[in-house]
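Thanks for making time this morning; I would like to walk you through one model, going slowly over a few residues and charge pairs. Please have the view open as I speak.

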Amino acid sequence: MPFLNRIQRWAEERPHDTAVVIAGERLTWAALRDSAARAVPETKAVTALCEANSVDFAVKFAAAVAGGRQCAVLDPAWPAQLQEDIVHRVESFAQPAAVAPDDYLADGAPEATFLIGLTSGTTSVPKAFTRSRRSWQESFDASIEFFGLRQDDVTLAPGPLAASLNLYALAECLYEGSEFQAVESFDVGDVHGAITHDRVTRLVLVPTMLRMLSERGLTGCVDASGIRTIVCAGSKLDARTLEAARRWAPNATIFEYYGASELSFVSGAGLPAGEPALVGGTGIGRPLPGVDVRILDDSGTQLPDGAGGNICVRSGMVSNGYLWGDDGEALRSFDGWFTVGDQGYLEAGELHILGRRADMILTAGKNVYPHEVELALAAVPGVAAAVAAGMPDDLRGQRVVAGVVPSAGAVTATQLKAGLENILARDKWPLQYFAIAELPTTDRGKVSRNLLLDWISTGNHRIRNLGA
């Protein structure tokens with residue numbers, strides 16, 4: 001793993017500086033090196049690491065990827081039976097390299113597999129893919145350059161370390177020699193406390209967390225003026241979240257990026273403090289260093305600017321492919337150009353995200369992606385959040401419908417349509433609008449467009465028809 005030699009270096013150069021702080025416990029660089037080195041001889045060639053956020057997680061992860069070892073990181077919140085199934089699969093499928101008895105805290109060969117990545121867990125077994133050490137080193141070099149990580153930064157990633165976003169942030173900081181912090185579990189008060197008292201300069205998190213921290217931070221007068229970088233991933237920032245974050249952390253450059261676990265980083269954009277934001281659009285910036293992007297159709301033919309198709313990537317950061325669960329569609333290759341099936345288009349070098357093909361609405365012969373409708377509606381004054389879906393229609397095949405969560409008071413269909421002017425093409429406008437008390441979500445917390453349709457068809461109490 002390409003951060004282990006770096007840990008050795010920082011432990012020699014800055015032994016007493018803080019490396020990791022998790023749930024209030026602190027490890028210096030020397031303590032992290034020594035603790036991980038002591039754990040290596042007892043660490044198996046393949047480890048299924050299932051730990052809550054703690055400094056022990058950091059120590060065990062470092063030991064689990066030493067030499068030729070491989071590590072799969074499991075979410076401790078997954079059901080016990082699912083965890084057991086994954087552990088069995090990891091031990092059965094992985095083919096570890098030989099690990100010498102004296103192979104202590106040292107990086108393995110660059111081309112060797114070190115990480116077994118798992119897609120988000122449900123009641124079914126997640127798919128697993130593998131990564132080489134070289135792919136993450138190239139990712140580190142690209143992300144550090146693009147996001148501007150510095151050694152004097154203090155990064156706080158408030159989510160679970162079992163999630164790839166936070167696991168990567170930990171490893172990236174270890175590589176750069178920059179202090180990393182996490183909390184035991186996400187709690188707004190704990191995160192605000194760390195920002196106030198622990199000199200946090202950089203946040204790595206998902207949009208929902210950023211919105212909660214920003215809005216409650218403004219209400220509670222939590223000073224975030226020391227934050228100079230916010231890195232957000234998972235979905236494009238809506239207008240309300242961006243506005244709240246700009247007010248709460250006025251000196252921060254806010255980065256959002258597009259990537260996938262199997263592809264690593266693809267494209268991104270940073271909004272410096274004080275610069276006006278363009279809201280409602282689908283653009284997600286330009287490719288990161290070392291990344292080439294093309295839009296290809298299903299035959300692998302390159303499409304011109306403005307034409308939607310498969311977002312395909314060529315870079316040294318792409319994963320090795322699937323260990324299990326490959327259905328031939330999840331990660332496809334067109335002569336070395338890889339895609340996870342996300343749809344988008346390029347315009348003047350900027351990548352625009354449309355969404356997954358499976359979500360596409362075909363209405364009166366026109367392809368409409370809910371993602372672009374939702375981003376446009378979320379930019380309308382008076383809208384806190386929005387969800388769009390395609391409802392069966394005898395005349396059009398499907399018609400676009402939308403549910404909006406008002407930010408304050410009431411909102412009307414007339415206001416919504418007026419707000420969409422100059423943001424979204426008219427042939428993509430919803431034909432029906434509904435006010436909803438909350439976003440329809442699954443028990444895993446993901447927004448469900450199918451649930452919105454169910455609410456509409458059953459007249460659920462959470463929904464009110466605003467008309468057309």
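Alanine 63 is found in helix H3, which covers residues 55–64, where helices are DSSP runs of H or I with at least four residues, numbered from the N terminus. This is a predicted model, in which local features need pLDDT of at least 70 and side-chain atom pairs count only at pLDDT 80 or more, while totals for chains, interfaces and linings use all residues. Residues are numbered from 1 along each chain as its sequence is written, and side-chain values use heavy atoms, with hydrogens and water left out.

With a relative accessible area of 1%, alanine 63 is buried; here buried means under 20%, exposed over 50%, and partly exposed in between, using a 1.4 Å probe and protein chains only. Setting aside neighbours within four places in sequence, alanine 63 is in contact (heavy atoms within 4.5 Å) with Ala36, Ala39, Val40, Thr43 and Arg69.

Turning to charges, the structure holds 27 salt bridges, each being a side-chain nitrogen of Lys or Arg within 4 Å of a carboxyl oxygen of Asp or Glu. One of them joins glutamate 12 and arginine 33 at 3.1 Å, N to O, and this pair links helix H1 to helix H2, 21 residues apart. Glutamate 12 is exposed at 60%, whereas arginine 33 is buried at 17%.

What, then, of arginine 246, which is buried yet has no salt bridge? Arginine 246 lies in helix H9, residues 239–248, and the nearest side chain of opposite charge, glutamate 275, is 7.3 Å away.

Terms used
Helices (H or I, at least four residues) and strands (E, at least two) are DSSP runs, numbered from the N terminus. Lys and Arg count as positive and Asp and Glu as negative; His and the chain ends are not counted.
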